[in-house]
Amino acid sequence: MASISHSPVAFTGKPASDLLRSYSNGVRGVPLRALGRTRLGTRRRDFTVAAKLRKGKKHDYPWPQDPDPNVKGGVLTHLSHFKPLKEKPKPVTLEFEKPLVDLERKIIDVRKMATETGLDFSDQIIMLENKYHQALKDLYTHLTPIQRVNIARHPNRPTFLDHVFSITDKFVELHGDRSGYDDPAIVTGIGTIDGKRYMFMGHQKGRNTKENIQRNFGMPTPHGYRKALRMMYYADHHGFPIITFIDTPGAFADLKSEELGQGEAIAHNLRTMFGLKVPIVSIVIGEGGSGGALAIGCANKLLMLENAVFYVASPEACAAILWKSAKASPKAAEKLKITASELCKLQIADGIIPEPLGGAHADPSWTSKQIKVAINEAMDELNKLDTQELLKHRMLKFRKIGGFQEGIPIDPKRKVNMKKKEEPNLGRTLHVDLEGEVEKVKQQILKAKESSSEPPLLRLNETIEKLKKEIDLEFSEATKALGFEDKFAALREDFLKVNSQDQLMDPAFKSKIDKLRDEFNQSLPKAPNYESLKNKLDMVKELSKAKNIADKNKKAALMKQEVNEKFKGVLERQNIKEKFAALKTEIQNSGVSKFGQLDSSLKEKIVKLKKELEFELVDVLQSLGLDVEVVKSKATYLEEHTPTPEVKSQIEELNEEIHHGIENVVSSTDLKYKIELLKLEIAKAGKKPNLEAKKRIAALEQQIKQSLAAALDSSNLKEKHEKLKAEISKSIASSGGLDGSLENDSPDEARLKLNVGANRTFV
């Protein structure tokens, strides 16, 4: 506050503007120069100027009182506000990483238990750690696009300045847009890598809430882009190559930014970057959103970290526009093609910088080293170009994006050098998911058994097919790991040659196949994926068994239903009903209650009606394509043909001798060779053999039968069989049997044994 003290006598009557008009017009005609030294009248004129200063808060400068001259990056590093965090950032677990956290907790619990009890749990800890590393590898090698978006936005992900201070020998941050503002969301500065100077600029996010508010969450205002533009001109003037780091959700879109010309600032940067005469390399280290990222991304080389994303609209915004819900963001992320691998295929990105398992935040220093290597390689390539080639290279990079030509044949030379079309990635199903699916199918089968309903065959078949595909992949991996791939390929070629010649397989070649199969089976337990393969084979075996039982039961139920309907139709015929009724009346009139007490004529009528009915039922069954054999019931047969204990022991001895005799014959070299030839011939003929194949099969069968018969005839088995047969007949005759005309007829209780195919029997 200033105050002027003066005497009011001499300055009255005229305004101040008239008093201080010019050098020629002073106060009452006195020049101003003489005003200070002239005494006006007898009064003294004194002027006093006083100022009051308000006490403000002392500015907190980053420069310390005793700066260390040997600090990494040089003494000017002290000027940077970016300091190491006092507290270690808290770990943040993403939604898809929760299974890994559970495994980590188990490892910690086991280690704690080992420490407290003093017991040795090293085997369990090693097993859990191996399981954890395998789960981590499986998870991060099969990430979905939306999962990569979440990793790119991870709160603990290294920022621009984290990488810059790691890869540079010296770095000095430069501030201000020379228009009165310094945007903290964009950081610029000069640094050296291996003695070479570069101009660095990039989006800077915060490492905690306080820094994020200060940095505006990495969203620049127009002042930030104008600061970057100033540094671009500076680098172009001094010949410094430019390296930009992109990590922003987009330019700040508030009202003030729009009033200050956000769009104009971005457009000015885009135009200027295409005319800069120095190499430019851009690296996407997190998320690159829309024009806010492109404003410092018009480079000769665009590199991306493995889990970084680059998009024109965020997946949430895209989902809200197209599907009216942000919940569809996973689908939108997949359709937008925003990941590093997809953008490389589209030739928008020029390279992918690898990240450690778990993302860049798992090992920031290793990630920074990979970035440094990528920068050196890109700059070495670009430094070979002169100015005009550099400008043309940058222009053509963006001109070719989105360009497609239809109907124009591809140049043969270019076609040869084109990358081969990648096979579609079928995607491996995780072992845990397979086990869960198999368990669900088992539960459904058990529920179906309890409720006497049909099991879910569709779900069962789908699960078996999925398991078979997984088993094929597991076998392929095991074959490669054990070194059998070339052997199997050579054997496959030999087999195709034999098949093409339409000849029987040579026994020597057959033994070669058996030998290789045995060798592979012996080596299989040494394969790294043997446990996984074994588990999947067990699951397929169990489900296939359940499927076969379900198929048999279903077919048996259908056949039983059809047979019952046919039988019912036969029994409901009018003539059959009349005969039954007449016979029933005769039996009631006779007054006899037991079959043995009936007279012979009535017995003959019963047997006659039974035979007639039996023939009718046999015709019905044969019409259904079934082989029918009429046999006596077990109870009746045992009642009529119960041999003595001595005869029983003789039968058992003879059966054993016959069994051993057949085994000896079959194991002979000649017959074994014929049986193998028959098997191969049947396999070669397939389901629909031609006439020649049928003749060959029939001839081999006849030869085998003749060999068996000749071998059995040469032994004394036939004589023993005839002798035992005579003894059994004698025993039955002495015991009695049935009397009258029923002795040679069918039993009163009979059953129909229906042989369908080779394995199914219905009683």
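Author: What follows is a walk from the whole chain down to some single residues.

Reader: Before we start, what kind of model is this?
Author: It is a predicted model.

Reader: OK. How many helices and strands does the protein chain have?
Author: The protein chain has 28 helices and 11 strands.

Reader: And how much of it counts as buried?
Author: Of its 763 residues, 33% count as buried. The chain exposes about 49,900 Å², and carbon and sulfur atoms supply 54% of that area.

Reader: What share of the contacts links residues 24 or more positions apart?
Author: Such pairs make up 71%, counted among contacts with a separation of 6 or more.

Reader: Let's look at some strands. Which way do S2 and S3 run, parallel or antiparallel?
Author: Antiparallel, with eight bridges joining S2 (residues 186-193) to S3. One place to look is Thr 188, which stands opposite Met 201 in S3.

Reader: What happens in the hairpin between them?
Author: Two residues lie between the strands of that hairpin, and Asp 194 takes a positive phi near 55° there.

Reader: What about S3 and S4, parallel or antiparallel?
Author: S3 and S4 (residues 242-248) pair in the parallel sense, over four bridges. Met 201 turns up again here: its bridge partner in S4 is Thr 244.

Reader: Why is S3 described as largely enclosed?
Author: Because six of the eight residues in S3 (residues 196-203) are buried, the strand is largely enclosed by the rest of the structure.

Reader: New topic. Which residues have a positive phi without being glycine?
Author: Asn 216 is one of them, with a phi of about 60°. Asn 216 sits in the loop between helix H6 (209-215) and helix H7 (222-238). Gln 347 is another, at about 65°.

Reader: Where is Gln 347?
Author: Gln 347 is in the loop between helix H13 (340-345) and strand S8 (351-353). Its relative accessible area is 45%, so Gln 347 counts as partly exposed.

Reader: Now the surface. Which residues form a nonpolar patch?
Author: Ile 321, Leu 322 and Trp 323 form one on the surface, and together they have about 320 Å² of accessible area. Ile 321 belongs to helix H11 (residues 315-322).

Reader: Why does Ile 321 count as exposed?
Author: Its relative accessibility is 58%, and the cut-off for exposed is over 50%.

Reader: And Ser 329, buried or exposed?
Author: Buried, because its relative accessible area is 10%. Ser 329 is part of helix H12 (residues 329-336).

Reader: What does Ser 329 touch?
Author: Leaving out residues up to four places away in sequence, Ser 329 touches Ile 146, Pro 315, Glu 316 and Ala 319.

Reader: Last one. How many disulfides are there?
Author: A search of the whole structure finds zero.

Reader: Then what about the cysteines, say Cys 298 and Cys 318, buried or exposed?
Author: Cys 298 counts as buried, at 2% relative accessibility. Cys 318 also counts as buried, at 12%.

Terms used:
Residues are numbered from 1 along each chain as its sequence is written. This is a predicted model: local features need pLDDT of at least 70, side-chain atom pairs count only at pLDDT 80 or more; totals for chains, interfaces and linings use all residues. Side-chain values use heavy atoms; hydrogens and water are left out. Patches are made of residues with over 30% relative accessible area and no salt bridge: like charges are joined within 9 Å, nonpolar side chains (Val, Leu, Ile, Met, Phe, Trp, Tyr) within 5 Å. Accessible areas come from the Shrake-Rupley method with a 1.4 Å probe; for residues, only the protein chains shown count as cover. A salt bridge is a side-chain nitrogen of Lys or Arg within 4 Å of a carboxyl oxygen of Asp or Glu. Buried means under 20% relative accessible area, exposed over 50%, partly exposed in between (1.4 Å probe, protein chains only). Contact means heavy atoms within 4.5 Å. Two strands pair if DSSP finds at least two bridges between them. A disulfide is a pair of cysteine sulfur atoms within 2.5 Å.
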